Amino acid sequence: MEYILNNNYRNIRILLVEDDIQTLEKLHKMLNKVYANVVVAENGSEALVKFKDYYSKDKYFDLIISDLNMPKINGIELLEHIRIIDEFIPFIFLTAHLELDTLLKVVKLDINDYLTKPISITELIASINKTTKKKYKEEFLKKESDIIFIKDNFYWNLKTKNLHFNDSIITLTKKEVELLNELFINLNNTVSSEIIIYKLWEDCLDFETAVINLKNLISRIRKKIPELNIKNIYGLGYQIRIENERI
């Protein structure tokens, strides 16, 4: 398949909070190689000020990564303050050790992950991507009326008329988009060849030629996207059928 790369993950806004300056500089330098927007704070108090400043300007952070044990405002207190403002922002804790009672506290505050020091940058990036992926998926689910899931991470967006697969958009021609949109609008129902031809080749005067064009179009889509099951209902037309669909 041909894909347009999805830059959602690279462009996320991260607030990185760490009171150890050497660790902060090291993580900031490494994360900047992967993500375009990383804002740093040296303690919980500074982090809260920056978070509120963003919020007051109608900006937002996509993720907060914070040390747990810090002066002025520790990680738990920071999270408690932020949860009053934003109930759902993803949060990852960094800690040298995590006591059971502390773990119970942060779980109640709905954290997404925690990593123990010394921090592995590979593990941190994997955690960031996993957390971000979950966030975007939840956002899509909130707009389910526009999304037709074929299976996890493979869906058609009725609003944008894009086919998404593994966090990328599959490149489609204009006719491919028109055909797939017609089939997805009528999901699990058969759309007659006559209706498809009329909508895709309205000005075509030769019906037999149009039928050949339609068959060739479907053949190209099947080769390009074998995971997409376009069924030929003999003598009637075509359909995309999804069992236990989420629409």
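Entry: I looked up the open sheet and found three strands in the order 11-13-12, with antiparallel pairing. Two strands count as paired if DSSP finds at least two bridges between them. Strands are DSSP runs of E with at least two residues, helices are runs of H or I with at least four, and both are numbered from the N terminus. The edges are strand 11 (191-192) and strand 12 (230-233), each pairing on one side only.

**Entry: basis.** I am working on a predicted model, where local features need pLDDT of at least 70, side-chain atom pairs need pLDDT 80 or more, and totals for chains, interfaces and linings use all residues. Residues are numbered from 1 along each chain as its sequence is written, and side-chain values use heavy atoms, without hydrogens or water.

**Entry: strands 12 and 13.** I found four bridges joining strand 12 to strand 13 (residues 237-240). One residue I checked was I230, whose bridge partner in strand 13 is I240.

Entry: I placed D67 in strand 4 (residues 63-67). D67 has 4% relative accessibility, so it counts as buried (under 20% relative accessible area, 1.4 Å probe, protein chains only). I then listed its contacts (heavy atoms within 4.5 Å). Leaving out residues up to four places away in sequence, D67 touches V17, E18, D19, G75, F93, L94, T95 and K117.

**Entry: whole chain.** I noted eight helices and 13 strands. Of the 247 residues, 41% count as buried.

Definitions and conventions. Buried < 20%, exposed > 50% of the residue type's maximum accessible area, 1.4 Å probe, protein only.
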